[in-house]
Amino acid sequence: MNATSTLTLGGLLAALLVLVANLYPWWTGNREMGQLAAFGKGFGGAACAAACPGGILGWAHSRTGTVANGTGERAGAAATGTTSGSGLTTGQLTGLGATGAVVAVLAVFLVVLSYKAAGKKDKKRIVGGAFVGSVLLLTAGVAGALAWLPAALNAAGDGVVAAVQGAGIL
C-alpha cells in the first residue's frame with residue numbers, strides 16, 4: 001500500500017478542480033450557506049481523519065494525497081502539456097491523544113451516517129469535501145491553520161471522559 005504525505009502541484013490542481021466544482025453552483029446561485037453544508041461535512045470529517053497519525057483514517061488521509069497527485073498530474077499534463085510533479089511544503093496535524101481519537105472517530109462516523117442519509121447530489125458534495133479537505137491538509141498552510149484541531153479533539157474527549165466518570169458510568 002503506497003501512500004504519500006507530500007502533495008505535488010498536480011495534487012493541488014486536482015483538489016482545486018473539485019473545490020471549484022463545488023463552489024461554482026453556490027457562487028452563481030443564491031449563495032445560501034445551506035448549499036455548502038454537505039461539502040463542509042466532508043471537509044470536517046477529513047480534517048478529523050487528518051489528525052489521526054495512523055490507522056485506517058490516517059492511511060486514508062495519506063492515500064488521498066497519492067490519488068490526487070496522480071490524477072492532477074495527468075489532468076495538468078493533458079490540458080497544458082507541462083508536468084506538475086513539484087512537491088509543495090508538507091504539513092500535518094499532530095498531537096492527537098487517546099481521548100481525542102475517540103472524538104475523531106465519532107466525527108468521521110457522523111459524516112458516514114450523513115452520507116448514507118443524503119441524496120445523490122449531497123453524497124457527491126460530501127465526498128468532494130472529504131477529498132478537498134484531506135488533500136489540502138497535506139499542505140503546510142492549511143495544516144497550520146487547523147493546528148488547533150488535535151488539541152480541541154483531545155479537550156472534547158477529556159470532557160466526555162470526565163462527564164462519564166462524574167456520572168458514575170465508568
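The legends below describe close-up views of a predicted model.

Residues are numbered from 1 along each chain as its sequence is written, and side-chain values use heavy atoms, with hydrogens and water left out. In this predicted model, local features need pLDDT of at least 70 and side-chain atom pairs count only at pLDDT 80 or more, while totals for chains, interfaces and linings use all residues.

View 1. Helix α7 covers residues 149-166; helices are DSSP runs (H or I, at least four residues) numbered from the N terminus. Its 18 residues reach 25 Å from the first C-alpha to the last, close to the 26 Å expected at 1.5 Å a residue; the expected span is 1.5 Å times one less than the number of residues. Leu149, Pro150, Leu153, Asn154 and Gly157 are the buried residues of α7. They lie on the same side of α7 because they cover an arc of only 135° around the axis, the arc being that of the directions from the helix axis to the C-beta atoms. Buried means under 20% relative accessible area, exposed over 50%, and partly exposed in between (1.4 Å probe, protein chains only). The face turned away from the buried side carries exposed Ala151 and Gly166. α2 (37-50) and α4 (98-117) pack against the buried residues of α7. Just after α7, Gly168 has a positive phi of about 80°.

View 2. Gly100, Val103, Ala104, Val108 and Val111 are buried in α4. These residues share one side of α4, since their arc around the axis is only 135°. Ala98, Val102, Leu110, Lys116 and Ala117 are exposed on the other side. The cover over the buried residues of α4 includes α2, α3, α5 and α7.

**View 3. The largest nonpolar core around Leu153.** A nonpolar core is a set of buried Ala, Val, Leu, Ile, Met, Phe, Trp, Tyr and Cys residues joined through side-chain atoms within 4.5 Å. The largest one has 16 residues, of which Leu93, Leu96, Ala104, Leu137 and Leu153 touch the most other members. α2, α4 and α7 each supply at least two residues of this core, and the largest share, four residues, comes from α2. Leaving aside neighbours within four places in sequence, Leu153 is in contact (heavy atoms within 4.5 Å) with Cys48, Ala51, Leu96, Thr99, Gly100, Val103 and Ala104. Another core, of 10 residues, lies apart from it and has Ala15, Ala68, Val132 and Leu138 among its members.

**View 4. Leu93 in the loop between α3 and α4.** Leu93 counts as buried because its relative accessibility is 7%. The C-alpha atoms of Leu93 and Leu137 are separated by 8.0 Å, although the two residues are 44 residues apart along the chain.

**View 5. Arg31 in the loop between α1 (9-28) and α2.** Phi of Arg31 is near 55°, a positive value in a residue other than glycine. With a relative accessible area of 40%, Arg31 is partly exposed.
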